[in-house]
Amino acid sequence: MRVIEISCLEVWREISNYVDGEVDAELRARLEAHFKVCAHCTAILDGMRNVVKLVGDGVEYELPDGFSQRLYRKLMDR
Amino acid sequence: MGGAKAHLDATEADLLERARQGDKEAFYSLVCPCERSVYTAAVSILNNPADAEDVAQEAVLKAFTHLARFRAEAKFSTWLIQITINEARLKLRKDRRHLQESLDEPHTNEDGEYIPKDFADWREVPSETLQQKELREALKRAIAHLPLKYREVLILRDVQQRTIKETAQILDLTEGAVKTRLLRARLQIRDALAPGVDGTWTTSKAGYQKVRPW
């Protein structure tokens with residue numbers, strides 16, 4: 001398949017969709033060809049993957065102690 | 001809506017039926033599996049645990065009161081999160097705390113496209129680094145400073161791992177809008193955390209090089 005070149009700006013526009021697997025085969029090939037030769041965009045890609053991984057474990061959002069019990073009581077007392 | 005009930009499994013449908021008749025225990029059983037996402041949605045919007053808990057409770061009570069309006073066209077959890085987000089936004093508007101947010105305007109070019117701040121290489125991040133307290137704190141701050149419309153999408157999609165479609169449904173946005181906001185959110189978080197800021201996230205600082213192509 002002949003791969004048409006893509007600019008850094010276009011790569012940034014699609015980089016999140018690429019991480020999510022939301023790009024079609026042709027665009028994916030263009031993006032991957034670009035990543036092979038562009039260290040900057042590869043750094044952005046790696047950074048974004050780390051962000052998704054970091055944010056995804058959700059440890060920032062633990063429930064406060066006793067949350068469930070207070071919610072239950074609130075509902076029952078209503 | 002044809003076949004809408006197919007979203008519900010037998011247990012959920014049964015609990016829902018009992019809850020509609022006023023059974024609070026049954027309603028609590030429906031809410032229980034969603035309570036963490038309810039709290040997460042509220043706290044990410046309000047940036048305050050105490051307010052978030054109040055809003056979460058209000059949202060649950062509201063859902064119980066208006067259960068007749070839930071037609072099972074969506075999943076129960078989707079509906080409950082929608083109510084929570086609405087409640088949280090109302091509270092935010094009431095408190096006008098949002099005036100203090102979004103201190104960091106995103107970097108955009110003349111077309112309004114996001115330009116990454118730098119191109120720090122963030123390839124080598126071992127899992128133990130991801131658990132570093134400073135990094136977690138920085139992440140928390142970075143999320144809190146995102147404009148609300150980006151934050152909501154990031155929380156639903158990346159923290160709660162919902163699909164683009166469900167995220168769009170909850171926020172009443174097109175899938176295209178969700179994708180655009182998600183891109184902005186992720187790029188801004190990356191910028192905020194990129195080792196280019198001070199290089200502390202990487203264990204091997206020697207390998208780190210800040211690069212700007214212009």
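**Exercise 1. Work out how the axes of H9(B) and H10(B) are arranged relative to each other.**

Step 1: Know what you're looking at. This is a predicted model, in which local features need pLDDT of at least 70, side-chain atom pairs count only at pLDDT 80 or more, and totals for chains, interfaces and linings use all residues. Residues are numbered from 1 along each chain as its sequence is written, while chains are lettered from A and ligands numbered from 1 in the order in which they are written.

Step 2: Find the helices. Helices (H or I, at least four residues) and strands (E, at least two) are DSSP runs, numbered from the N terminus. H9(B) covers residues 164-171.

Step 3: Get the angle. The two axes come within 9 Å and cross at roughly 100°. Axes here are lines fitted to C-alpha atoms, for helices over the stretch in contact, and angles run from 0 to 180 degrees between N-to-C directions.

Step 4: Classify it. Angles under 35 degrees count as roughly parallel, over 145 as roughly antiparallel, 65 to 115 as roughly perpendicular and the rest as oblique. So H9(B) and H10(B) are roughly perpendicular to each other.

**Exercise 2. List the residues where H9(B) meets H10(B), then sort them by class.**

Step 1: Two residues are in contact if their C-beta atoms, placed from the backbone, lie within 7 Å. On the H9(B) side you'll find B:Ile164, B:Lys165, B:Thr167 and B:Ala168, and they meet B:Glu175, B:Val178 and B:Lys179 of H10(B).

Step 2: Sort them into 3 nonpolar, 1 polar and 3 charged residues. Ala, Val, Leu, Ile, Met, Phe, Trp, Tyr, Cys and Pro count as nonpolar, Asp, Glu, Lys and Arg as charged, and the others, Gly among them, as polar.

**Exercise 3. Describe how chain B touches chain A.**

Step 1: Chain B puts in 42 residues and chain A 33 residues.

Step 2: Helices of chain B that each supply at least two residues include H2 (24-31), H4 (49-65) and H10 (175-193).

Step 3: Chain B's side divides into 26 nonpolar, 3 polar and 13 charged residues.

**Exercise 4. Check the confidence scores of the model.**

Step 1: The model scores ipTM 0.90 and pTM 0.80.

Technical notes
pLDDT is the predictor's confidence in each residue, from 0 to 100.
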